[in-house]
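User: I would like to go through this structure with you, beginning with the aromatic side chains and moving on from there. Could you take my questions one at a time?

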Amino acid sequence: MPIITLLTDFGTQDHYVAAMKGIILGLNPHATLVDLSHDIPPQDIMAGAFVLAGAAPYFPPGTIHLAVVDPGVGSARRALAARSRGQYWVGPDNGLFSLAWGSQADDLAMVSLTEPAYFRPSVSDTFHGRDLFAPVAAHLSLGVALAQFGPGVSDPTPLPFPEPEFGPARASGQVIFVDRFGNLVTNLKASALLIWLGGQVPRLRLASLRLNQICHTYAEAPPQTMLALLGSHGYLEIACAQGSAARRLRVGPGAVIEVEKTEL
Amino acid sequence: MPIITLLTDFGTQDHYVAAMKGIILGLNPHATLVDLSHDIPPQDIMAGAFVLAGAAPYFPPGTIHLAVVDPGVGSARRALAARSRGQYWVGPDNGLFSLAWGSQADDLAMVSLTEPAYFRPSVSDTFHGRDLFAPVAAHLSLGVALAQFGPGVSDPTPLPFPEPEFGPARASGQVIFVDRFGNLVTNLKASALLIWLGGQVPRLRLASLRLNQICHTYAEAPPQTMLALLGSHGYLEIACAQGSAARRLRVGPGAVIEVEKTEL
Amino acid sequence: MPIITLLTDFGTQDHYVAAMKGIILGLNPHATLVDLSHDIPPQDIMAGAFVLAGAAPYFPPGTIHLAVVDPGVGSARRALAARSRGQYWVGPDNGLFSLAWGSQADDLAMVSLTEPAYFRPSVSDTFHGRDLFAPVAAHLSLGVALAQFGPGVSDPTPLPFPEPEFGPARASGQVIFVDRFGNLVTNLKASALLIWLGGQVPRLRLASLRLNQICHTYAEAPPQTMLALLGSHGYLEIACAQGSAARRLRVGPGAVIEVEKTEL
């Protein structure tokens with residue numbers, strides 16, 4: 001019972017996701033389908049990459065991740081299937097998988113999808129999710145080898161991920177994602193931030209907000225107060241206990257966050 | 001592992017859909033449940049019919065489609081189970097299945113659901129999805145023959161689908177559906193439109209929009225520009241590349257679209 | 001094929017729910033996962049309790065209900081697993097299960113989750129759904145006995161459910177839940193209300209609304225008119241036929257409803 005996850009920006013109102021599932025189950029009735037999310041903001045590759053990277057590590061080896069956030073559908077952008085980190089990945093070559101694969105590309109095997117025998121008989125210009133990526137994922141789940149789908153390639157299109165800056169006394173990053181609770185997730189990786197702080201106390205600044213500590217849990221702060229914490233996905237995030245930090249501070253992706261080291 | 005799809009206007013906030021799934025899995029633990037959509041606008045039979053027709057053809061033969069958009073629940077409207085196009089259909093008799101079944105009704109076998117042995121012991125007046133349609137779909141998936149559920153009928157209630165008009169030099173239709181991307185789907189069927197055009201160039205008019213060509217893909221137009229294309233479901237649609245045509249033109253279902261033929 | 005249902009306030013936009021499903025399927029690939037709802041308003045334990053109580057009775061015996069609406073995550077609140085009404089329940093000890101379990105606690109067996117062998121190797125302070133509750137539910141589905149997860153406890157934290165008042169001639173309650181259709185569900189239990197009325201005619205008052213009867217179905221009232229009925233979950237509800245009572249009356253949870261008995 002192979003697991004195929006689905007991530008798209010198609011929403012759940014229309015027939016698009018269901019059509020993909022019908023195609024998959026028609027080819028492999030034994031596939032276990034799991035929705036990652038279909039509520040990625042339309043054509044927001046960064047948000048899709050973030051959700052995919054947040055969920056994929058918790059799935060077992062061999063899981064096939066089918067992801068379609070694809071503003072370039074119908075253009076010359078490549079279609080990919082890959083194996084990385086013990087799992088499989090199918091979707092457009094536009095950076096969507098970058099965060100999930102991470103920087104160690106040494107375990108990456110990747111092909112460009114060119115073999116029409118694994119597509120639907122007629123491929124539309126507008127819906128590769130249904131006509132190309134879904135049948136490829138289904139054939140992968142049936143045991144077709146990666147090399148059957150097309151020629152190997154080794155230059156995945158990167159995601160333009162904004163890298164934080166760590167200076168001697170000051171670091172700066174930005175909000176890259178706002179979750180459903182209004183938590184502001186930044187690009188300051190928890191591990192890198194802790195090493196950089198080296199035990200010193202941080203002073204944080206984001207819009208009108210000033211904070212002098214990093215908490216371990218939302219429950220440390222009284223209701224409706226702001227806090228900084230190292231979130232469940234491994235990045236510094238700014239939250240509002242039992243409330244929405246995004247609404248409180250009126251900021252979203254791109255807002256700058258600054259951290260200063262202060263002596264203990 | 002029979003597939004049962006579910007389409008409703010119940011949303012995903014409440015317990016309604018889950019109650020139906022519990023009933024089905026209690027009767028047939030081996031059913032594979034697939035959500036078509038539960039975000040059909042409340043009581044919008046046309047939208048439900050459109051999503052169902054868009055998704056159903058991609059499911060394998062034998063799939064059971066359980067669909068409940070049912071403003072007449074508790075009234076005298078009939079409850080139906082049917083076989084058409086090699087698949088099964090369960091829901092209210094209000095036109096919801098019309099687009100999926102299409103005009104060729106010669107392969108249609110249909111019964112009125114009157115046999116209470118296949119319902120829940122107590123049927124509420126307000127929730128036939130749970131008390132009547134879900135158990136009937138589950139029993140169908142267990143192999144109960146269609147004729148067991150009630151007497152055959154042959155006059156399904158039609159959906160009031162607005163037919164487009166094709167004149168010698170001018171055709172007119174209307175927007176019948178707006179998808180999650182704000183694409184405006186019209187009732188101008190792609191195949192009929194192409195035959196009518198006979199290779200001549202179309203001139204399109206919708207609200208303030210004027211277009212002189214039909215594209216093959218969203219990627220043909222620069223970002224944020226409007227385009228017309230033959231969409232993945234087989235109708236002419238008006239879109240905005242990487243944007244929302246509905247928001248740009250401020251129109252929705254019912255808006256009139258006109259097409260003129262012009263010499264090459 | 002054990003059934004595990006999932007109810008959270010995590011929404012479907014982010015990776016949170018998918019991460020829980022990945023953990024479960026990694027431990028038990030044979031689990032059948034069913035979403036109850038992930039659109040519980042953030043940290044609204046009452047709404048979560050209501051949806052859970054509305055759906056759970058329709059699932060077969062042995063079903064495991066994994067529910068996480070957990071404003072106290074990371075604080076000293078207990079984590080629970082329990083057996084009640086022939087089903088299993090896993091989640092925070094904050095009243096979330098109260099309505100589903102009901103008042104007859106005699107069939108309740110409950111443990112406090114303290115055995116880390118059944119958690120993920122590292123448990124975050126912020127995401128017990130993924131690190132603690134999901135693996136416990138998976139291990140339960142694999143047949144681990146309740147007593148293995150921790151010591152028995154017998155004092156579940158109650159939900160502050162507002163009880164209605166039944167006087168000799170007048171009863172009063174309040175709106176406790178608004179569903180997706182805008183139906184206003186009150187805390188007046190249908191069975192208790194009917195006994196109290198004893199065949200007499202009710203006169204209802206909610207905000208500007210006055211009604212003199214209780215209907216059996218939404219179809220009894222003309223479109224866009226208000227009605228009272230005994231809803232599918234067993235409580236008195238105020239609805240607007242083919243419309244939204246919440247939007248019409250501009251009321252929500254907490255709004256007071258009064259019922260007077262009048263002679264036949």
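User: Which residues do ring pairs link into a cluster with Phe10(A)?

Analyst: This is a predicted model. In it, ring pairs join Phe10(A) with Tyr16(A), Phe127(A) and Phe181(B) in a cluster.

User: How many aromatic pairs does the structure hold over all chains?

Analyst: There are 36 aromatic pairs over all chains. One of them is formed by Phe50(B) and Phe177(B). Their ring centres are 4.7 Å apart and their planes stand at 25 degrees, so the pair is stacked.

User: Where in chain B do Phe50(B) and Phe177(B) lie?

Analyst: Phe50(B) is in helix α2 (residues 45-55) and Phe177(B) is in strand β8 (residues 170-178), both of chain B. The pair links distant parts of the chain, 127 residues apart.

User: And are those two buried or exposed?

Analyst: Both Phe50(B) and Phe177(B) are buried.

User: What about Phe166(C) and Trp196(C), how are their rings arranged?

Analyst: The ring centres of Phe166(C) and Trp196(C) are 5.8 Å apart with the planes at 50 degrees, so this pair is tilted. Phe166(C) belongs to strand β7 (residues 165-166) of chain C and Trp196(C) to helix α5 (residues 190-197) of chain C, so the pair ties together parts 30 residues apart in sequence. Phe166(C) has 33% relative accessibility and counts as partly exposed, whereas Trp196(C), at 12%, counts as buried.

User: Which charged end sits over the ring of Trp196(A)?

Analyst: That is the charged end of Lys261(A), which sits 4.7 Å from the ring centre of Trp196(A). In chain B, the charged end of Lys261(B) sits over the ring of Trp196(B), 4.7 Å from its centre.

User: Back to helix α2 of chain B, please. How many of its residues are buried?

Analyst: In α2(B), 10 of the 11 residues are buried, so the helix is largely enclosed by the rest of the structure. Among the buried residues are Ile45(B), Met46(B), Phe50(B), Val51(B) and Leu52(B).

User: What does a side-chain oxygen of Asp44(B) reach at the start of α2(B)?

Analyst: The side-chain oxygen of Asp44(B) comes to within 3.3 Å of the backbone nitrogen of Met46(B).

User: Changing topic: how much area do chain A and chain B bury between them?

Analyst: They bury about 2500 Å², with 60% of it on carbon and sulfur atoms. On the side of chain A, Gln13(A), His15(A) and Thr126(A) lose the most area to chain B, and together they account for 24% of what that side buries. The contact takes 33 residues from chain A and 30 residues from chain B.

User: How accessible are Asp35(A) and Lys21(A)?

Analyst: Asp35(A) is partly exposed, with a relative accessible area of 23%. Lys21(A) is buried, with a relative accessible area of 7%.

User: With which residue does Asp155(B) form a salt bridge?

Analyst: Asp155(B) pairs with Arg78(B), and their closest N and O atoms are 3.0 Å apart. Asp155(B) is in the loop between α4 (128-141) and β7 (165-166) of chain B, and Arg78(B) is in the loop between β3 (64-68) and β4 (79-84) of chain B, so the pair ties together parts 77 residues apart in sequence. Asp155(B) is partly exposed at 48% relative accessibility, and Arg78(B) is partly exposed with a relative accessible area of 24%.

User: Last one: which residues of chain A do salt bridges with shared partners join into one network?

Analyst: Arg78(A), Asp93(A) and Asp155(A) are joined into one network in that way.

Conventions. Residues are numbered from 1 along each chain as its sequence is written. Chains are lettered from A and ligands numbered from 1 in the order in which they are written. This is a predicted model: local features need pLDDT of at least 70, side-chain atom pairs count only at pLDDT 80 or more; totals for chains, interfaces and linings use all residues. Side-chain values use heavy atoms; hydrogens and water are left out. Rings of Phe, Tyr and Trp (its six-membered ring) pair if their centres lie within 6.5 Å; planes under 30 degrees apart count as stacked, over 60 as edge-to-face and the rest as tilted. Helices (H or I, at least four residues) and strands (E, at least two) are DSSP runs, numbered from the N terminus. Buried means under 20% relative accessible area, exposed over 50%, partly exposed in between (1.4 Å probe, protein chains only). A charge sits over a ring if NZ of Lys or CZ of Arg is within 6 Å of the ring centre and within 35 degrees of the ring normal. Contact means heavy atoms within 4.5 Å. Buried area is the accessible area (1.4 Å probe) that two parts lose on being put together, summed over both. A polar contact is a pair of N or O atoms within 3.5 Å; within protein, one must be able to donate a hydrogen and the other to accept it, and residues adjacent in sequence count only if both atoms are side-chain atoms. A salt bridge is a side-chain nitrogen of Lys or Arg within 4 Å of a carboxyl oxygen of Asp or Glu.
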